[in-house]
Amino acid sequence: MDIPQSENNEFPPLSFRDFSTSFAHLSDNELRLSYWIFRMMNNEWLTTILIKLAELALKWNLPIRWAVKPTIFRVFCGGETIFESLQAVEKLGVNQIGAILDYSVEGQDKEIEFGKTETEIVRIIQLAKENKNIPVSCIKVSGIVSNSLLEKLSSKKHLNESEKREAANWQLRFERICQAAFDNDVPLYVDAEESWVQDAIDELVETMMARYNKERAIIFQTIQMFRHDRLEYYRKLIERGRLEGFKIGMKIVRGAYLDKENRRAKEMGYPTPINPTKQATDDFYNAALALSVDNIDWVEICAGTHNEESSMLLTELMAQKGLQNNHPHIYFSQLYGMSDYMSFNLAASGYNVSKYLPYGPVKATLPYLMRRAKENSAISGHMGKEYTMIVNERKRRRQESFEVEEIKS
Ligand SMILES: Cc1cc2nc3c(=O)[nH]c(=O)nc-3n(C[C@H](O)[C@H](O)[C@H](O)COP(=O)(O)OP(=O)(O)OC[C@H]3O[C@@H](n4cnc5c(N)ncnc54)[C@H](O)[C@@H]3O)c2cc1C
């Protein structure tokens, strides 16, 4: 389906069905690997078994790098280090897609590890300043503070002396990272996490926004639209930003921890913060896009989604407002290895596109890879489209090479 464009738009029309553009960056071998990985994930029981095996490998410290690195890791991650990931960065860059280097080390609980994560993120910010293919940086706050402290801060419980020290260290770490983002003029996306740790993150991110976003959005908050309170939160934040004179940077996602959220609410006997249906989440998501476009003079957004309808809607809202496809306040973003047919076609039509490019030691990325496996499997029902696109592209390439052979003979 072609999407209407605003008048005087210099860019070619968008179609999500141009397969040659969608997979131009993948060699035949790479496409074959993606095909086998997505085919495997299409099998519910196999995915379930492999996820269980990965959990056991993590628990018992089993050596599985040899099996993971050349397969699923290669499809969804850039490499084990920044240096190793630069090849993927360049490949995306050639196709006008920015890479968001995502240091995927999760669930740490030691000061020394928090320090390492801080150093790594500042390194990414400095690299981004020099490399036009890395337009922004990102951080998962639980990489620089323990979850238990975030939870305690969010529930406003009394902190003991050592927790107070930990909280002060965390705030200083986060401030230093924000300062580096500001000094290097590289926006920082702060990921959203579970609702029971999110209040503490929100509070600190808002303080940093008010400090660093006077001229443009440098610090970006993330809202998860599977929460029924987030649209109102966003609306109020825009009002506050306008009143107090700071710009709003917002990554808008649907939310990753649906089962965990609902299970905890049930077990602990409080009302779930999650919408009752997928449709309600979709409606909130799309309303957040409309709110953003209505306030585009004041907000900068990253629409982090693989949902085709929402992405199309955003292009339509832009066209209705007369915004150029490459309006600097609007980014479309997907995860590396996922929904390439959207990313590459959006970029070919001039929209600003970026992809989260996770990297880190193979073992540390396992929780991330397990989430991708679940999300892309028949378990979530998300699988079909991605797999079908790859199958279609393989068919198209086979047909193309057959025709070339025919002409030669
Ligand atoms: C660039 C990028 C950055 C991201 N950053 C974050 C982040 O910081 N924090 C985070 O939590 N996630 C993040 N995500 C993941 C994101 O939240 C989603 O899990 C994922 O993108 C799937 O949603 P979708 O919009 O792509 O597509 P869809 O497949 O259309 O939506 C699936 C989503 O809908 C929601 N949903 C499904 N079923 C129901 C139901 N029964 N009731 C209510 N809601 C339902 C869930 O949120 C589910 O993940 C990010 C994703 C991208 C692409």
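Modeller: Happy to! Helices here are DSSP runs of H or I with at least four residues, strands are runs of E with at least two, and both are numbered from the N terminus. On that basis, this predicted model has 16 helices and eight strands in its chain. The C-alpha atoms fill a box of roughly 80 × 55 × 45 Å along the principal axes. For 409 residues, a compact globule would have a radius of gyration near 22 Å, and the chain's 21 Å agrees with that. Buried residues make up 43% of the chain. Of the contacts with a separation of 6 or more, 76% are between residues 24 or more positions apart.

Now for the close look. Two packed helices are described by the angle between their axes and the distance between the axes. Our pair is helix H4, residues 65–76, and helix H15, residues 362–375. The crossing of H4 past H15 is left-handed. On the H4 side, the contact is made by Arg-65, Val-68, Lys-69, Ile-72, Phe-73 and Phe-76. H15 contributes Val-362, Lys-363, Thr-365, Leu-369 and Arg-372. Sorted by class, this contact between H4 and H15 has six nonpolar residues, four charged ones and one polar one.

Notes: Residues numbered from 1 in each chain as written. Predicted model: local features only at pLDDT ≥ 70, side-chain atom pairs only at ≥ 80, totals over all residues. Rg over C-alpha atoms; globule rule 2.2 N^0.38 Å. Buried ≥ 20, exposed ≤ 12 C-beta atoms within 10 Å, placed from the backbone. Contact = placed C-beta atoms within 7 Å. Axes fitted to C-alpha atoms, helices over the stretch in contact; angles between N-to-C directions. Left-handed = near helix turned anticlockwise from the far one by under 90°. Nonpolar A, V, L, I, M, F, W, Y, C, P; charged D, E, K, R; others polar.
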